[in-house]
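Subject: Structure handover

Hello,

Here is the structure for your files.

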Amino acid sequence: MLKRFGLVILLSAIGGILGLMASIAFIWDWFGASWQQIEAVPEPVASLISIERDQLWVESESGILYKYNDAENCRTDCWMTVKSLPDPVWYDNPNPAEIKDTTCSPTLPLFNVEERIEQCHVEMWVSRNYVFTLRQNGSVYFWQSDIFGEWLVVELFFGLCGGCFFIFLPSMLFILLPEIFRRIIKWVRAG
């Protein structure tokens with residue numbers, strides 16, 4: 001009986017860890033965001049040059065600069081040639097968002113990536129990730145996610161408790177209860 005009880009506790013701990021991992025993936029927006037392939041560049045890309053939110057500047061192998069506008073919504077004719085990179089954008093907001101050249105949270109895995117350029121905009125209630133990747137086959141992918149941090153501890157707590165509960169309940173039903181019923185029946189027959 002003690003071994004069965006230990007197994008239930010072990011399975012519940014594993015469930016808690018799995019629930020915690022699922023809540024972390026939820027916080028990082030892995031369930032809501034996905035990689036999307038954007039329209040092909042008119043020429044083969046030599047390198048990714050710059051990023052500003054969902055806009056991308058690339059240099060082709062022939063040295064021409066291209067700009068991609070509005071990766072979230074544009075579907076056709078999104079690339080345009082430009083002469084140079086724009087000056088940095090200055091916002092009128094007295095409390096500007098912090099802009100980082102890395103993501104605020106890890107991105108979903110994507111394989112065969114040759115080059116990657118990313119940006120994180122930290123705002124008051126949300127951090128927004130913008131990532132463009134150039135894959136080895138020459139295709140360009142975009143990933144955008146929003147990370148809301150105000151309920152972070154609550155989400156982690158519910159993930160941990162939910163994972164424990166959803167593993168504890170079935171393990172109780174299939175591991176401990178049959179043993180308890182067997183002992184009760186044995187006690188009733190003996191008594």
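**Cysteines and helices**

At 25% relative accessibility, C164 counts as partly exposed. Buried means under 20% relative accessible area, exposed over 50%, and partly exposed in between (1.4 Å probe, protein chains only).

Before the rest, the ground rules. This is a predicted model: local features need pLDDT of at least 70, side-chain atom pairs count only at pLDDT 80 or more, and totals for chains, interfaces and linings use all residues. Residues are numbered from 1 along each chain as its sequence is written, and side-chain values use heavy atoms, with hydrogens and water left out.

A disulfide here is a pair of cysteine sulfur atoms within 2.5 Å. C161 is partly exposed too, at 34% relative accessibility.

How many disulfides does the rule give? The count comes to two. Counting bonded cysteines along the chain, the pattern is 1-2, 3-4.

- C74 and C78: the sulfur atoms are 1.7 Å apart. The angle about the S-S bond is -105 degrees, a left-handed link. Both cysteines, C74 and C78, are buried.
- C104 and C120: S to S is 1.4 Å. This pair links distant parts of the chain, 16 residues apart, with C104 in the loop between β6 (98-100) and β7 (113-122) and C120 in strand β7. The torsion about the S-S bond is about 65 degrees, so this disulfide is right-handed. C104 is partly exposed at 29% relative accessibility, whereas C120 is buried at 0%.

Now the helices. Helices (H or I, at least four residues) and strands (E, at least two) are DSSP runs, numbered from the N terminus. The axes of α1 (residues 2-27) and α2 (residues 152-190) come within 6 Å and cross at roughly 150 degrees. That makes α1 roughly antiparallel to α2. Angles over 145 degrees count as roughly antiparallel, under 35 as roughly parallel, 65 to 115 as roughly perpendicular, and the rest as oblique. The residues of the α1 contact with α2 divide into 17 nonpolar, eight polar and three charged.

Which residues does UniProt mark as "transmembrane region"? The unreviewed entry places that feature at residues 7-28 and 156-177. Such annotations may be inferred rather than shown by experiment. In the model, residues 7-28 are 95% helix and 0% strand, with end C-alpha atoms 31 Å apart. Residues 156-177 are 100% helix and 0% strand, and their end C-alpha atoms lie 30 Å apart.

Best regards

Technical notes: Axes are lines fitted to C-alpha atoms, for helices over the stretch in contact, and angles run from 0 to 180 degrees between N-to-C directions. Ala, Val, Leu, Ile, Met, Phe, Trp, Tyr, Cys and Pro count as nonpolar, Asp, Glu, Lys and Arg as charged, and the others, Gly among them, as polar.
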